[in-house]
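Here is a short note for a colleague opening this structure for the first time. Please read it with the structure in view.

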Amino acid sequence: MISFAPSDEQKLMIDAGQKLAKSLAAAIRQTEASGLSAELRSAAEEMGLGAAHLPESVGGAGLGLVTGVLLEEEIASGDPAAAFALGGTASFALAMAEFAPERGADALAKPAAVAFGEPRPHKERAGLSTVFSNGALSGEKSYVLGADRAERFVVFAQVDERAGYEGIGAFLVEKGNGVKATPRARTLGLDAGSFGGIVLENAKATRLDGKDFKRATLRFFAKHALLVAARCVGLSRAACEVTRAYVAERRAFGKPVAHFQAVAFTVADRAMDVDASRTLLHRAAWLWDGVDGSAAGGTSQAPEADENAALLATARAVAYAHQTAMRCGDDGVQLHGGAGFMRDYPVEKYMRDAKQLALCGLPTSCAEQLAAAIELGREPDLGLVLPWPDSQGAFL
């Protein structure tokens, strides 16, 4: 029987995550205006919450993705944007673990980021506009989480311009070596995450050659997407909690508005969405832990190591979690009435954050394409299942 009841070690980490979430929630408006404070960032880094899921080869605790999604949900329940602000270097380390684990021993040593998205598609061919030629990178990347703080990057670029989406590679570059960060972007939501871009001008780069680059790319995006989906669940939970409290207190026609059937049913439906999202998420993470043989999944209860099953479960979990976040944010504002769009209440921020979350990691449309390919027994086409600039940008 599958059980997702947390272990004693996970319970301790969840408690730490909940304490951090309370601090994040108390500072949510200050964080939105000026970014995550040094005190909160330092507290999170000392707890090691962002590195718990990472393999030991890149400096993580090796506790697996189940532990990772449990912690990401807790942090995001305090402030979804803060979860992103703390996640940039962890995303870099995850990329190193998939593409070049032998190079990743110091992956967490300094601020870093992953640069995949681009501001516009190539005018004449499929694939990325950023190119690798003669040992150097040239181009522009956008939607990069923590670009203003990062000192090094994993950059995705076109290697074979004739191969389209199949002709890309991943590269390690250092800031200041032909790499320049662009000003931080002002975004609809998730402001504390600090999204920006980088310009590459003949930047010297080291190619990260995995044994199977295509599958490594799918694994990276799938695992990263599950961590984003966990933030969706945390946001959904928070939106449900504040909305439930509001409708229980707000009165109309002599009784709380929660006593009206339309309101009560909406609250109940969203609570079911949150529970379903969490279950799909935990199952997908559990399957990956079985594939990787990590601490959480490599027990006697671990599933058979089936990568396609993990990818399919991931696609389902990600698509549903993104949709749930939008429903919870939207209905939360709706049930607050006129108060819903006032900044006196956090629910309007949850709605804005949910909308931007829809373009973080693997958007729903990409997740559904991935699910469809696996369901139909086809090898996933990178041109369909990844968020390319031709289709939509992705915030990493």
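1. Aspartate 273 is buried, at 7% relative accessible area. The model is a predicted one. The side chain of aspartate 273 forms a salt bridge with that of arginine 327, at 2.9 Å from N to O. This pair links distant parts of the chain: aspartate 273 sits in helix 8 (residues 261-292), arginine 327 in helix 9, 54 residues apart. Arginine 327 is partly exposed, with 28% relative accessible area.

2. Look next at arginine 352 and glutamate 32. Their side chains meet in a salt bridge of 2.6 Å, N to O. Arginine 352 is in helix 10 and glutamate 32 in helix 2 (residues 28-34), so the bridge ties together parts 320 residues apart in sequence. Arginine 352 is buried at 14%, and glutamate 32 is buried at 8%.

3. Helix 8 also holds aspartate 275 and arginine 278, three residues apart, so about one helical turn separates them. Their side chains form a salt bridge at 3.9 Å, N to O. The whole structure has 33 salt bridges.

4. Alanine 81 belongs to helix 5 (residues 80-85). Is alanine 81 buried or exposed? Alanine 81 is buried, with a relative accessible area of 1%. Its contacts beyond four places in sequence include Leu190, Gly193, Lys349 and Asp353. Leucine 36 is 45 residues from alanine 81 in sequence, and 9.0 Å away C-alpha to C-alpha.

5. Finally, the surface. Phe341, Met342 and Tyr345 make a nonpolar patch of about 320 Å². Phenylalanine 341 lies in the loop between helix 9 (307-335) and helix 10 (347-357). Phenylalanine 341 counts as exposed, because its relative accessibility is 62%.

Technical notes:
Residues numbered from 1 in each chain as written. Predicted model: local features only at pLDDT ≥ 70, side-chain atom pairs only at ≥ 80, totals over all residues. Heavy atoms only, no water. Patch = residues over 30% accessible without salt bridge, like charges linked within 9 Å, V, L, I, M, F, W, Y side chains within 5 Å. Areas by Shrake-Rupley, 256 points an atom, 1.4 Å probe, with all protein chains shown as cover. Salt bridge = Lys/Arg side-chain N within 4 Å of Asp/Glu carboxyl O. Helix = DSSP H or I, 4+ residues; strand = E, 2+ residues; numbered from the N terminus. Buried < 20%, exposed > 50% of the residue type's maximum accessible area, 1.4 Å probe, protein only. Contact = heavy atoms within 4.5 Å.
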